Amino acid sequence: MARELVVKVTCGTDEPERSNQGFTVAGTAAASGVPVSLWLTGEAAWLAVPGHAAALSLPLATPISDLLEVVLASGTVTVCSQCAARRSLTEADLIAGVRIAGASVFVEEVLGDGVQALVY
């Protein structure tokens, strides 16, 4: 069985370099054929709203919107349910293909056999 990668990004435009690092790792892994699950929590939840990723601009970094496309093409992108609720976001507010799920789903994913979890 191939290893899977779960990446949790906890920041957005408030910490653009750390946020972009998480997206870069997730996108690179997905482009390399690694099964990826990208979780967006806290301020990162906003990056799943159409147009919001453009607000995170970092010199010499791949745009967040491009990295999201790569992950969505072969993996999953999830916004934390509590984080979405605190921001009054529903799945209708998010980029097509992004889901909302809670901690129980996150825990199930990270405790799977052959899973590597990273938090940014």
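I call a residue buried under 20% relative accessible area, exposed over 50%, and partly exposed in between (1.4 Å probe, protein chains only). The model is predicted, so I took local features at pLDDT of at least 70 and side-chain atom pairs only at pLDDT 80 or more, while totals for chains, interfaces and linings use all residues. Residues count from 1 along each chain as its sequence is written, and side-chain values use heavy atoms, without hydrogens and water.

**Entry: the helix.** I started with α1, which has 16 residues. Helices (H or I, at least four residues) and strands (E, at least two) are DSSP runs, numbered from the N terminus. Which residues of α1 are buried? I found S19, N20, G22, F23, A26, G27, A29 and A30. They pack against β1, β2 and α2. After α1 comes G33, with a positive phi near 95°.

**Entry: one residue.** I picked N20, in α1 (residues 16-31). N20 has a relative accessible area of 5%, so it is buried. I listed its contacts (heavy atoms within 4.5 Å). Leaving out residues up to four places away in sequence, N20 touches L56, L58, A61, T62, I64 and L67.

**Entry: the sheet.** I traced an open sheet of 5 parallel strands, in the order β4-β3-β2-β1-β5. Its edge strands, β4 (99-101) and β5 (115-119), each pair on one side only. Strands pair if DSSP finds at least two bridges between them. I found 3 bridges joining β3 (residues 76-80) to β4. T78 has R99 in β4 as its bridge partner.

Definitions and conventions: Expected span 1.5 Å × (residues − 1).
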